[in-house]
Amino acid sequence: MSLTTPTAFAVYVHWPFCLSKCPYCDFNSHVRHGGYDEARFVRAIESELALTAARVPGRTVSTVFFGGGTPSLMQPASVAAILDAIAKHWSIAPDVEVTLEANPTSVEATRFRGFRSAGVNRVSLGVQALDDSTLKELGRLHTAQEALDAVAVARANFERYSFDLIYARPRQTLAAWEGELKRAIDEAAEHLSLYQLTIEAGTPFYGLHKAGKLAMPDDDLARDLYDLTQSVCAAAGLPAYEVSNHARPGAECRHNLVYWRGHEYAGVGPGAHGRLNIDGRRYATETERRPENWLARVDSAGHGLVVDEKLTAGEAADEFLLMGLRLAEGIDPQRYAALAGRALDAKRISILREEGAVETTASGRLRVTPTGFPVLDAVVADLAA
Ligand SMILES: C[S@@+](CC[C@H](N)C(=O)[O-])C[C@H]1O[C@@H](n2cnc3c(N)ncnc32)[C@H](O)[C@@H]1O
Ligand code: SF4
């Protein structure tokens with residue numbers, strides 16, 4: 001399969017603002033107590049969409065994702081304007097999935113109906129935890145009850161919604177996590193993203209951790225928490241379809257599948273990444289992260305791109321492997337071979353297979369096993385090397 005084979009086409013819109021910065025987070029999110037000119041940012045996003053569409057015309061948009069930052073701080077009219085701009089440049093699939101990430105505060109929940117009218121049909125809520133002392137420690141601006149109230153508003157307005165929880169948190173026990181997770185499953189219906197807390201360099205949590213002030217689970221407990229997560233979710237009919245994502249079969253986030261399956265996506269807004277297939281080559285794009293600098297670039301050049309790089313065959317193939325092996329469905333080795341210009345190393349596959357880390361399905365796909373997933377990075381490094 002070559003890059004010119006029709007694939008899904010997604011649009012990612014990054015909204016970089018938050019009301020406050022959570023101490024664990026290293027996403028491209030910024031607090032602007034003095035406010036910002038929302039209309040100007042929307043116009044700049046429209047400008048990037050126009051230039052991207054000129055490079056990759058004729059696509060049919062299968063998914064749109066408003067991520068952040070906190071896109072639920074946007075006015076519904078801004079979301080509508082951006083969706084209109086997308087529809088002006090490309091065809092929209094009749095079953096398009098339009099997701100917006102929302103923080104579960106009461107203020108934001110009041111906008112859900114407006115987002116629905118604007119064309120959003122799925123929300124992803126950052127619930128993070130279901131107990132108040134943890135939420136406080138995570139620097140969140142909502143209580144557990146407020147988050148659950150926002151989930152109820154989401155349920156009333158959208159046929160599809162998901163929420164995120166962070167686990168393997170300081171002092172978390174297996175019993176407490178099991179109770180919290182089961183409660184989350186009752187509320188979540190079709191999709192849950194469950195992330196193990198990562199200590200990111202440069203965040204306040206990084207400093208606390210280094211100073212020995214965060215009682216993080218040791219490796220054994222972290223592994224037990226992960227195993228518990230897999231078994232509780234699978235038993236509830238929400239198996240992992242990706243390392244951190246669980247869904248009822250058919251309810252997977254189609255937008256994120258575009259990334260993991262190595263399909264095509266445009267990324268607009270500050271710090272957004274994209275992958276475009278142009279003339280049989282794959283381009284990696286990245287825009288300026290700092291909102292004001294991004295705006296200045298768009299004002300002068302029409303776009304905020306700081307990276308626009310043609311990937312080599314090897315780079316495109318390795319990325320396909322890295323992303324695809326995150327999925328329970330695994331990868332098609334023939335697509336890897338078409339991208340790389342050579343097949344995966346059969347000897348390495350057979351060693352990993354003997355170790356129980358990978359398996360080949362009846363249809364010939366290569367996938368990581370439940371034993372291999374906890375050491376996924378090592379498996380990928382082995383195959384890509
Ligand atoms: C891009 S954030 C935006 C979501 C939204 N602003 C919010 O906080 O509710 C997406 C998700 O990444 C997860 N996340 C962020 N930093 C993390 C970290 N250091 N470790 C684990 N998960 C993290 C959180 O669950 C968060 O909901
Ligand atoms: S976790 Fe969400 S709300 Fe918190 S700083 Fe990161 S993007 Fe903003």
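Trainee: What makes up the lining of the second largest pocket: how many residues are nonpolar, polar and charged?

Mentor: The lining divides into 10 nonpolar, 3 polar and 6 charged residues. Ala, Val, Leu, Ile, Met, Phe, Trp, Tyr, Cys and Pro count as nonpolar, Asp, Glu, Lys and Arg as charged, and the others, Gly among them, as polar. This is a predicted model: local features need pLDDT of at least 70 and side-chain atom pairs 80 or more, while totals for chains, interfaces and linings use all residues. Residues are numbered from 1 along each chain, chains are lettered from A and ligands numbered from 1 as written, and side-chain values use heavy atoms, without hydrogens and water.

Trainee: Which residues of that lining lie nearest the pocket centre?

Mentor: Gln230, Ala240, Thr369, Pro370 and Phe373, out of 19 lining residues. A lining residue has an atom within 4 Å of a pocket point; on a 1 Å grid over the protein atoms alone, where a 1.4 Å probe fits, a pocket is an open set with protein on both sides within 12 Å along at least five of seven lines.

Trainee: What makes the pair between Gly69 and ligand 1 a polar contact?

Mentor: A polar contact is a pair of N or O atoms within 3.5 Å. A polar backbone atom of Gly69 is 2.8 Å from a nitrogen atom of ligand 1, so the pair qualifies.

Trainee: Which distances apply to the side chains of Asn103 and Gln128?

Mentor: For Asn103, a polar side-chain atom lies 2.9 Å from a ligand 1 nitrogen. For Gln128, a side-chain N or O atom is 2.7 Å from a ligand 1 oxygen. Both therefore meet the definition.

Key: A polar contact is a pair of N or O atoms within 3.5 Å; within protein, one must be able to donate a hydrogen and the other to accept it, and residues adjacent in sequence count only if both atoms are side-chain atoms.
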